[in-house]
Amino acid sequence: MIMKKEDLQALLNDMSLEEKIMQLVQLPGQTFEETAAVTGLADMEKAKKMKSLAGSVLGLHGADKIKAIQKEYMENHPHHIPLMFMLDVIHGHDTVFPCPLAQGATFDPEVARVGAQVQAKEAAADGVQVTFSPMADLVRDARWGRVVESTGEDPYLNGLMTAAMVKGYQGDSIADKEHVAACVKHFAAYGAAEAGRDYNTCEISEHTLRDQYLQGYRLPISEGARLVMTSFNTLNGIPSSGNKWLMRDVLRDEMGFDGVLISDWAAIAEMVNWGFAQDLKEAAALAMDAGVDIDMCTESYSGSLEALIKEGRVSEALLDKAVMRVLELKNDLGLFEDPYHGASEERYKEITLSKDSREKARDAVRKSLVLLENKEGTLPLSSKKIALIGPYVDDKDTHSAWAITCNKENNITLRQAFEEEFAGSDVEVKYSNGSLMVDNDSDLGFLKFHSDTFREDNDRLMKEALEIADECDTIIMCLGESLMQSGESTSRAKITLPQVQLELFGKVKEKGKKLITLIFTGRPLDLGDIPEVSDALLICWRPGTESGHGIVDVLTGKTSPQGKLPMSFPWTVGQEPLYYNRFNTGRPKPFEGASIFTSRYLDCPNEARYPFGFGLTYSEFEISEVKLDKTSITRGSSASDKAIASVEIKNTGAYAATQTVQLYIRDMAGSVVRPIKELKGFKKVSLGPGENSQVSFEITEEMLKFWTASNRFESEAGKFKVFIGLDSATENEAEFELV
Ligand code: BGC
């Protein structure tokens with residue numbers, strides 16, 4: 001039985017000031033495990049004292065361990081209030097699904113929902129009650145390493161995908177033992193970090209903030225995510241954790257969020273580093289004013305709130321509200337009845353990495369792979385003599401750095417999957433790593449990779465690779481960024497593959513064999529000459545546990561690839577930030593009459609090398625002109641006034657395949673300049689060879705609203721273009737008016 005509001009209030013009334021403050025303090029798991037010191041909490045001895053009252057902990061998992069900690073904690077707590085256990089379960093607990101960016105590539109919210117459901121089930125059995133996911137940050141700059149955690153550069157897609165994740169994590173009730181509470185992060189605009197450098201400042205006009213950056217957070221919040229996390233960045237000069245306008249006016253009042261607002265790791269204390277607060281005490285006061293309920297891993301709240309309240313700088317009523325939100329979350333998780341939230345070693349062992357979960361992860365891999373090139377129908381594979389070359393041939397690090405609980409031994413490599421697939425057949429497959437993963441002395445964040453025998457080792461691998469290249473007719477190059485090159489604090493100013501892999505590619509291409517290139521990556525890359533030289537090119541992202549299986553399913557043609565790029569791939573890093581929904585400028589290219597003085601680069605196209613929404617299948621599709629059932633919609637008159645835009649799509653190729661038909665709209669003139677295209681809908685159609693289908697989209701006034709010069713979300717009368725096509729570069733358009 002969940003506690004009643006009055007019981008919670010009575011509990012709150014009975015708590016001491018210290019007890020209340022400590023509900024707002026989150027400690028790192030290390031404090032409970034008594035291991036090394038961690039950032040933010042300099043004084044470990046003090047942290048240990050704090051642990052008897054701290055309201056929540058992050059980073060722990062393991063049913064027995066958590067049960068033991070919880071039992072001891074509750075016995076010693078004056079009011080026996082349970083501790084709350086949080087962890088980053090981002091794209092997998094044990095069964096690891098493709099990274100969020102790859103999930104964005106599926107254009108299929110159901111994939112995200114199912115993935116989150118599996119993760120929640122495994123994590124909950126393992127003792128986790130809250131996950132710090134989904135990340136709904138809009139990302140436009142491939143230099144930023146955290147793009148791997150986002151579903152991409154489009155706010156509409158982000159909203160749908162992350163809302164589906166919330167649904168999957170939370171289910172119908174977070175009290176359910178197979179579910180966890182979700183936390184939307186990082187509020188707000190963390191993805192706009194200047195120059196793609198992590199933790200950097202963000203300068204965004206209120207218009208762009210509201211029209212673009214805040215959009216992706218809306219849907220997962222309205223889906224009922226129970227927590228929101230502040231971001232590390234400043235937004236127009238104000239660190240998020242102290243931004244009262246952003247947190248109170250926008251997040252709580254406008255967006256209606258009434259759950260727990262937690263700071264990011266040490267973000268309250270970092271307001272001192274930013275030069276926004278003089279000391280931890282001022283930081284605590286500013287964060288409380290802004291409405292941040294939980295201080296993640298610093299001593300700001302624990303060390304200063306009591307004094308701030310006694311001095312009258314922070315009111316006890318404000319404190320009580322924050323504490324009540326934390327108690328309500330605990331109550332809704334059912335922790336007052338079952339403080340372990342169903343954690344059980346037996347159950348965990350029974351359900352984790354189940355056949356069914358692995359099959360779901362495999363399906364997600366198949367749907368997330370993006371085919372960028374397939375010259376003369378190179379894929380699906382038809383060769384009987386294949387060489388797999390490259391550092392990803394048998395590498396188990398196919399998850400992302402944010403699959404922190406992943407045991408990589410469970411990951412299926414390409415080699416394993418090829419061996420399974422072709423055992424006993426007449427297809428001969430040879431394998432060679434060909435090169436090391438990264439260049440010598442690469443900075444990989446947690447470690448600097450160095451090998452004294454780098455050259456010799458690499459030469460040996462290259463020699464072996466070139467030998468097997470001679471013995472086959474088709475080469476599959478398995479290249480990519482290292483696991484450690486995307487994720488938090490992995491910004492890159494050069495977004496190419498490691499040089500050592502490019503050297504390998506350069507030598508292998510000279511063999512003149514059929515070349516299929518697979519790229520494992522957590523971000524869009526500058527692919528150099530790989531697209532031109534390769535006969536086929538498949539972006540595999542960071543696919544997780546079922547990597548090898550899902551990729552082999554696609555390579556062999558058991559299923560056609562269907563992924564679409566969730567972020568633009570550039571020609572070169574100098575184009576970043578790069579996103580399709582940009583403005584036209586006053587001098588777009590081509591610009592008649594003044595062709596030199598246009599908005600362009602002298603040495604590179606403006607457009608992406610591969611645009612948002614792009615991805616091939618094994619088949620060919622023809623799409624008809626856009627038909628509109630009427631050419632005007634009446635503004636405001638009736639909510640039901642809408643136009644129907646439709647196309648006929650036909651599979652004209654030889655394979656059954658699934659296409660993603662995309663709807664974009666352009667507002668031709670507004671009180672504020674509008675993007676050249678914005679995704680407003682998409683539909684998946686599966687068609688066999690020769691089959692066709694009609695795909696229709698409703699266009700409503702609601703879809704035409706934007707943040708206008710009057711500082712409101714509203715529509716403006718005028719002309720619009722509607723585009724329906726297979727990627728964001730489509731020019732298949734029709735016009736209509738809002739009158
Ligand atoms: C990250 C968050 C994460 C938190 C807790 C921070 O460094 O920015 O995304 O949830 O750590 O692990």
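A salt bridge here is a side-chain nitrogen of Lys or Arg within 4 Å of a carboxyl oxygen of Asp or Glu. The exercises below use a predicted model.

**Exercise 1.** Decide how the pair E359 and R366 is classed, and state whether each residue is buried, partly exposed or exposed.

*Solution.* 
- Step 1. Take the distance. The closest N and O atoms of E359 and R366 are 3.0 Å apart.
- Step 2. Apply the cut-off. The limit is 4 Å, so the pair E359 and R366 forms a salt bridge.
- Step 3. Classify E359. Its relative accessible area is 39%.
- Step 4. Classify R366. Its relative accessible area is 17%. Buried means under 20%, so R366 is buried.
- Step 5. Look at the surroundings. E359 and R366 belong to a network of salt bridges that also links R362, D363, K367, E421, D553 and K558.

**Exercise 2.** Find where the salt-bridge partners E481 and R523 lie, and say which parts the pair ties together.

*Solution.* 
- Step 1. Check the contact. The side chains of E481 and R523 meet at 2.5 Å, N to O.
- Step 2. Place the residues. E481 sits in the loop between β16 (474–480) and α20 (499–509), and R523 in the loop between β17 (514–520) and α21 (530–533).
- Step 3. Conclude. The pair therefore ties together parts that are 42 residues apart in sequence.
- Step 4. E481 and R523 are both buried.

**Exercise 3.** Describe the salt bridge between D332 and R226.

*Solution.* 
- Step 1. Give the distance. It is 2.8 Å, N to O.
- Step 2. Locate the partners. D332 is in helix α15 (residues 316–332), while R226 is in the loop between α10 (215–222) and β6 (227–230). The two are 106 residues apart, and the pair links distant parts of the chain.
- Step 3. Classify D332. Its relative accessibility is 26%, so D332 counts as partly exposed.
- Step 4. The whole structure has 50 salt bridges.

**Exercise 4.** Which residues come nearest to the ligand, and how much of the ligand does the protein bury?

*Solution.* 
- Step 1. List the neighbours. Of 13 residues around the ligand, D88, R146, H186, D264 and E488 come nearest.
- Step 2. Sort the shell. It holds 7 nonpolar, 1 polar and 5 charged residues.
- Step 3. A polar side-chain atom of R146 is 2.7 Å from a ligand oxygen. H186 also places a polar side-chain atom 2.7 Å from a ligand oxygen. For E488, the distance from a side-chain N or O atom to a ligand oxygen is 2.8 Å.
- Step 4. Alone, the ligand exposes 310 Å², and the protein buries 92% of that.

Note on methods:
Residues are numbered from 1 along each chain as its sequence is written. This is a predicted model: local features need pLDDT of at least 70, side-chain atom pairs count only at pLDDT 80 or more; totals for chains, interfaces and linings use all residues. Side-chain values use heavy atoms; hydrogens and water are left out. A residue is near a molecule or strand if one of its heavy atoms lies within 4 Å of it. A polar contact is a pair of N or O atoms within 3.5 Å; within protein, one must be able to donate a hydrogen and the other to accept it, and residues adjacent in sequence count only if both atoms are side-chain atoms. Accessible areas come from the Shrake-Rupley method with a 1.4 Å probe; for residues, only the protein chains shown count as cover. Ala, Val, Leu, Ile, Met, Phe, Trp, Tyr, Cys and Pro count as nonpolar, Asp, Glu, Lys and Arg as charged, and the others, Gly among them, as polar. Helices (H or I, at least four residues) and strands (E, at least two) are DSSP runs, numbered from the N terminus. Buried means under 20% relative accessible area, exposed over 50%, partly exposed in between (1.4 Å probe, protein chains only).
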